Each structure stands twice: as C-alpha cells, then as structure tokens.
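Colleague: I'm new to this one. Can you walk me through it?
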Amino acid sequence: MSTRNQLGTLLLERGLVTEEQLETALEEQRQSRKSLGRVLIDAGIVSEGDLVSTLAARIGLEFVDLLDYSIDASAVALISDSLARRFQAVPIGWEDNRLVVAMADPSNVVAIDDIRTITGAEVKTVVATRGAILEVVEKFQRMEGSAEDVSALAASEMEADDDLSRVKEVTEDAPIVKLVNLLISQAVSDRASDIHIEPTETDVRVRYRIDGVLHEVMRSPKNIQSGLISRLKIMADLNIAERRVPQDGRMSGVIGGKAVDLRVATLPTVYGEKVVMRILDKSTALLDLKDLGFHGDSLVRYESAYRKPYGTILVTGPTGSGKSTTLYATLNAVNDTAKNIITVEDPVEYRLAGINQVQVNNKAGLNFAVALRTILRSDPDIVLLGEVRDRETATIAIEAALTGHLVLTTLHTNDAASSPTRLVEMGVEPFLVGSALDCIVAQRLARRLCPKCKEPYVPEVAELNTLGWDSDSADELPTLYRAVGCPACGRTGFHGRFAIHEVLLVTEEVERLIVDRAHTEDIKKVALAQGMKTLRQTGMAQVLSGTTSIEEVLRVVA
C-alpha cells in the first residue's frame, strides 16, 4: 500500500473523511500531482491541524496545538528566529530535563542535531503545524527579547534620578514604554489578575497573581523605578508630582485581541511607590451563572431566589472570592428591557450594557447610603449594592427589599448562616432581616487542576476524613487527583479557577430563628436539614469529581 493510501486509511479510521471524499481527493491528486494531504486541505475537507496530528499518530509522536499550549519564553529564546524559520522548529518548554521542540517535519534529523548542539540539551520532539510554529516565532520576535532584556536596556540608558523635570523625557523613553507594554501583555497572556510592581531597597520586584497566587516574574535595577512608575501614572492619568499619598486611576486597551481595563492603585512605601494593576477582562462581566461552578442543585436553589420580584440576596465571602462576578452573572440572567436595573459600586469594575451604574464618590458626598436613597427615587426594579458596610446602608437596603425591589449585595462573613447575625449586630432589627432576606450565598474561589497533567491516586482514609467523607456509605476508596505541573499550567499543576458555593434559602423556619435571635449554629442545622450543602461538602464533591484536589479545598475552606 502506498504512503498516501496509508494516510487515507488513517483519516478514514479517525472519521475525518468519508469514502466519497477520499475517492474524490485521490482522483484530484492523480490529476494535479499534489500530495493527498494538500488536496484535502485545499478542498477544506480536513484542517492542517487534523492532518498533522494524524501523521504524528502514524509515526508514534505527540501532536501539540501551539495555540492551546503555555509556551515557555525562555525556551523559545534558546535558538535564533532565523534558525527556527529554517528548520520550521521551535523549543516550547521542558519535560523531564529534556527540551521539548515542536517541529513541522520531525524526520529532519539534521535540525534535531543542530538544536541539541546549540542548546546543550537532550531534545524531545513533538509535532505541530508549520503555520502555528511560524506564528510562535513571529510573536516572540515582536517582543524583541524578554522583559529582563528590555529592563536592562532601560537601566543602561537611565540614571538614578528623581528630578521631576526629567519625568516627561524618561516616560517617553522607548525602553521604558516597551517594558511597561511588555509587562502588561505578558500578564494578560499568563492569565494574571493583578500586576504588583514593588520597590525594594536594592531593586524593583514584579509579581503576577495567577489563579489567586502571587508569582515573581522579574527583578529590575533600582534606577528604572522612577521612570517605570511615572510611566504607569501618566497612562492612568494620575498626578506624577504627588508621591506621598495613595492614588487611584484607570486605563483601557486591547491586548492580545481582548478588550482589557486596568485599575491602577499606588501606595507610598519606605522604598518608593508600589503600584498594583488589577486586570479587568471585560468578558468576565458577561459570564453565565452555569460557568461559575454551582454544583448539584445549588444553581436551582439560587435561581428560585433571584427570579422573585423582590427580596434581598446576599453574596458573602472574603475579598477576592468572586462575589462581584457572581452578582454580575446574576444581573446578566435577569437583565431585560422591561426592567430598570441600577447599581451603586465602589468602584465600577465592569461596564454592563443596558444597566445604570453609579460610581460612589466620597469626596463629593456621594456615599453608598446617599446613592442608595437617591436611586430608590429613580423607579428601579433591581438594585445592586456593591457592599453593605454600615448600619445606615444595611437598613436602607433591607427596607428597599421590603418595598418591592430585588436587592443584590455583598457582605464579609465566613459562611451563609452567620450573615443574618452580622446584619443584626450592625443594628438592623431582626424582624426586618428575617422578612427581607431571601437567599444567602457564601463562596470561595478554588483553583482547577490542570487537565493535562493531573495525576490519579487512591487516598488514605484519614486524608478523606479531613473533608468529612462518609466512609460508612462507600464500599471502596475513590480515585482522586492531585497537582503535578507541566508547561501548559506554568508548572503549578492548576489552570483556572471555579467557585465553591453554599446556598442558604431563608424559609419560614429560618426566618423564625432570625427573628428570635437564634445562634448561628441553630440556623445552620435547619438549613442543612432543608438541603443546604456547606462549603466543605461542596468542595468534597468537586474533589470526588476530579475538578480540584483535597489540599486546594482545605486551603480555601476553613
């Protein structure tokens, strides 16, 4: 059998072509003298990726989709752009101390030998499409070196100088501009939520928060500090002459084809101003509630509350637990032209179409309480209040719910059952709290195990018991997964996050307990009897489904 017929057979076996398509392509190939693969691609029957992965499987090599692979920039830099183009090969990471090289033609032993000699490393070959390899080379060539190289160049062209008269010159200096752009674009491509630029005694440290955990990405020479921070302040429209007090600003842009907002905050420290940039991906505000990680019947229970025309829904949890994202997703679910939806936020993080958003301005006297009173005179159907911070705000929010509005808001408590007690402690009457509350959602964010490298194992009973596993109802120990780490997840073992929820519906029994100022534990017992799953129980369910690890759930759930 000829090579091309072998290819045709493989494509048939994988269901990528039909008998008729293959016959037509073979006839076209005989007339045009093109390869069978090229005929199939030109006809739009198979993609280049499908063809290359089929060929890779035939020769026993792994096919890698470079668009969905976390590429190690330091590995790409090991060979020159010209060499990568000539060989149609690019190093993309490390595996077991071997350099992983993606090649369009893995039979090119000369290229493999040359890469091994240049890098001094053993090579593991994987297969990728020619187009994807050239795209990677283009992308990293455009970056013109790593952030460290640009940082070193900026440092070599600048003096350690705090003279404000030089700030404009410094912040328009090409290396500083390039460094700032590179730090932001690299953070977006690494899925970072925050960029921390921190002056120390001897240098400037840059860290990214990825999946809720900070990772150091570089240290720059101390003498670029003034230019780097001034450049960021100019971009965020802040006062560059004021270095003694904290400032807040905002900037927008399109990075990697995505519309991104950056919220910038400065903080004076003993070694200079620290800058934290929160990266706000606008697609986050358009999330569906189904994408947030509600487990079992939690979403049905929650939906029964937010579909009501009035009442209060509380989302509770610590800072950074995704409360705002849950509220935005809820607004997306209830948003239609027949409803007047108004929000009061500090600050407005995401702009939502069709919703009236009010920014708190304490300097002008527009605090949460004043804004809330004002918007209740603006005929709203649904009110989103960024946070209940004091008795006055809590009272107005509760009264708004009792007068026919649906009020969505957040509160800082550890679990759902303690939220009514917290409102009563703020000074709101228990009968008002019991009447107005409809649903309380406590949540935490947990990291999702990387699907490419997570490792199955059978745990010890003691390990399962830490999450309250019921050993009596199970015949055998379940298979769980743990984090390993690979290039796709930046060696962390995790990729992305999801929310763990605890949904407490305020029934007549729970309302009676709130009015009687019952203990939190009593409220919790009744809620559990009525079907509520605690954060720990929901976390255990996600562990058993292979979504995350026991260690990760214990990290986020007390």
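Colleague: Is Thr343 buried or exposed?
Modeller: Thr343 is buried, because its relative accessible area is 0%. Buried means under 20% relative accessible area, exposed over 50% and partly exposed in between, with a 1.4 Å probe and protein chains only.
Modeller: This is a predicted model, in which local features need pLDDT of at least 70 and side-chain atom pairs pLDDT 80 or more, while totals for chains, interfaces and linings use all residues. Residues are numbered from 1 along each chain as its sequence is written, and side-chain values use heavy atoms, without hydrogens and water.
Colleague: Which residues is Thr343 in contact with, beyond four places in sequence?
Modeller: Those are Leu331, Ile355, Asn356, Gln357, Val358 and Leu384; contact means heavy atoms within 4.5 Å.
Colleague: And where is Thr343 found?
Modeller: In strand β11, residues 341–345. Strands are DSSP runs of E with at least two residues, and helices are runs of H or I with at least four, numbered from the N terminus.
Colleague: What order do the strands of the open sheet take?
Modeller: The seven strands run β12-β11-β13-β14-β10-β15-β18, with mixed pairing. Two strands pair if DSSP finds at least two bridges between them.
Colleague: Which strands stand at the edges?
Modeller: β12 (356–359) and β18 (494–505); each has a single partner strand, so one side of each lacks a neighbour in the sheet.
Colleague: Back to β11. In what sense does it pair with β13?
Modeller: β11 and β13 (residues 382–385) pair in the parallel sense, over four bridges. Val344 stands opposite Leu385 in β13.
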